[in-house]
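Here are my notes on the model you passed along.

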Amino acid sequence: MGKKIPMWQCVVTILFTIIVLLYCLGILGKVFGNAFSCDYGEVHIALIVSCSFASLVAVANGYKWSFLEAGILSSINRSMQAMLILLTVGSLIGAWISAGVVPAMIYYGLMILKPSIFLMASCILCGIISLSTGSSWTTAGTIGIALIGVGTGLGISIPMTAGAIVSGAYFGDKMSPLSDTTNLAPAMTGVALFDHIEHMLWTVTPSLLISLVIFMILGLQASGKADMAIVDDMQTALLANFKINPALLVPPLMVILIVALKLPALPGLMGGIVLGCIVGSIFQGIPLSDWPEILHYGYSVDHFSHVFQAAADTLNMDPVSVLRMDNGDFATAASSEGFRSAVIGEYNIGALINEKGGMNSMMWTINLIICAMCFGGIMDASGMLGTLAGALLKLAKNTGILVTVTVFSCIFMNIIAGDQYLSLVLPGRMFREAYEDRKLAPKNLSRCLEDSGTLTSNLVPWNTCGATMSTFLGVSQWGAGGYGPYAILCWINPLVSIFYGFTGISMEKMSDEEYEKILERRQKDNTDALQSMDA
């Protein structure tokens, strides 16, 4: 094992990582011009390049590659359960959409929209859909667009509507066992998925209630009359593709029951898949021979109304290609061609469910996790994460300050790296031992990661989440017309988390026996790493 890497080299490594990330995300090009432009727009390769640079720094300080490689493999192994769950969740989403489970949740959710409670209902509806799909992006990019139109008809400002949409979408994303971030955060801290979800109820419940009360007040102040035609058209589109029945709500209720009973995640999710296949065959008539392809590649829309077909013909496109259009491009086309609300409603539903789910749909996220784990493994094994964490932890004189440092570290990563996954991965690795040494249960850390890393990602304009929300909803985050002040849940939740840190509310401690197991695990990890180095 090599020598302790100096702080200045750790800082240089982080600065290099930040620069490469900003370059690959295209941010450097926007700031400094074409000489630094890059259209890649993702972080996978940036992480691998940063991993390579960190490896060179570590080797230069006497670390053997076999030791660093063992660190990488150990890091990937810690995230393996999350990746298995993601593959299972991919199949679950494909099964539930095909079976009509997700469409039924959308259909019945649309029924709760009333003009007097529009903002509150929008937040709840987006929360339901995001909870059922595990995707805030999909929710905002489809139902969110429809709600923007309904809100305009109510006379409610677009930023308010967008704030309610984002709050609901990220609530559902944060609490859904189908969400990749909800799986990633506990994977970083060694917490069972449903223990993590249950512990988040402490912070997200008051945050949501406060948000809903504010949305109710804002909604009651709004005037106007809503045109609910697009909601009716979306329900019509759902009925054209699926046989909607209350019995289709049984699978998601079963998942909720799994959370309540604390059953293992993988068997429970597999049970959800089986139940989804059963109700799909019963209510939608899906033959047994179709399920393998659905579970692998997801659901594809195969039925279109003559109205939507005519609209596609007007654009000289086939209906499936229309569903693949960017939301902004479709909105422009719909406006210029004067499409009826029935076309927009069918597009919103089709874009929401078409080519969604399946194991294959999770490979992008799994690839990102592996790349992040490679970088995190090198930073961890070389001690650079420990050095950086040690510098930050000098500020953490008590639990409240530790939680505060964790929250602001996640926000900092969202701002600097522009990606919510890194805001979970790096602080998760950096602060894990600090929480353990204070005998704080690991689920306290995983909750802090989600309270700040997941929920603030959409508030940063150049973050991948912020840019996506702004594009979908047509509203910037900040300024006179920004949705940031109205994304109430997203900035209240981190404050609640910090409040709990200082007051000790729900900051669960681990037992002496649990702490002893932590120390034994650390010793085993060190022994394994040394054996790999000697080999």
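1. Let's start with E355, which is partly exposed at a relative accessible area of 37%. Keep in mind throughout that this is a predicted model.

2. What does E355 pair with? Its partner is R324, and the salt bridge between them has its closest N and O atoms 2.4 Å apart. R324 sits in the loop between α18 (319–323) and α19 (327–337), while E355 is in the loop between α20 (341–353) and α21 (363–381), so the bridge ties together parts 31 residues apart in sequence. R324 is exposed, with a relative accessible area of 54%.

3. Stepping back to the tally: the model has 4 salt bridges. I go through two others below.

4. K443 and E508 join their side chains in a salt bridge, at 3.1 Å from N to O. K443 belongs to helix α25 and E508 to the loop between α27 (488–503) and α28 (512–534), so this pair links parts that are 65 residues apart in sequence. Is K443 buried or exposed? With 16% relative accessibility, K443 counts as buried, because the cut-off for buried is under 20%. E508, at 39%, counts as partly exposed.

5. The side chains of K174 and D451 also form a salt bridge, with 3.0 Å from N to O. Here K174 comes from helix α10 (residues 158–175) and D451 from helix α25 (residues 442–456), so parts 277 residues apart in sequence are tied together. Both K174 and D451 are buried. Helix α25 turns up in two of my points, then: it holds D451 and also K443.

6. Now for the helix packing. Helix α10 packs against helix α12 (residues 193–221) at about 165 degrees, and the axes are 11 Å apart. That angle makes α10 roughly antiparallel to α12, because angles over 145 degrees count that way. The crossing of the two is left-handed.

7. Which residues make the contact between α10 and α12? On the α10 side they are M160, G163, A164, S167, F171, K174 and M175. From α12 come I197, M200, L201, T203, V204, L208, F215 and L218. By class, the contact residues divide into 11 nonpolar, 3 polar and 1 charged.

Key:
Residues are numbered from 1 along each chain as its sequence is written. This is a predicted model: local features need pLDDT of at least 70, side-chain atom pairs count only at pLDDT 80 or more; totals for chains, interfaces and linings use all residues. Side-chain values use heavy atoms; hydrogens and water are left out. Helices (H or I, at least four residues) and strands (E, at least two) are DSSP runs, numbered from the N terminus. Buried means under 20% relative accessible area, exposed over 50%, partly exposed in between (1.4 Å probe, protein chains only). Axes are lines fitted to C-alpha atoms, for helices over the stretch in contact, and angles run from 0 to 180 degrees between N-to-C directions. Angles under 35 degrees count as roughly parallel, over 145 as roughly antiparallel, 65 to 115 as roughly perpendicular and the rest as oblique. A crossing is left-handed if the near helix is turned anticlockwise from the far one by less than a right angle, and right-handed if clockwise. Contact means heavy atoms within 4.5 Å. Ala, Val, Leu, Ile, Met, Phe, Trp, Tyr, Cys and Pro count as nonpolar, Asp, Glu, Lys and Arg as charged, and the others, Gly among them, as polar.
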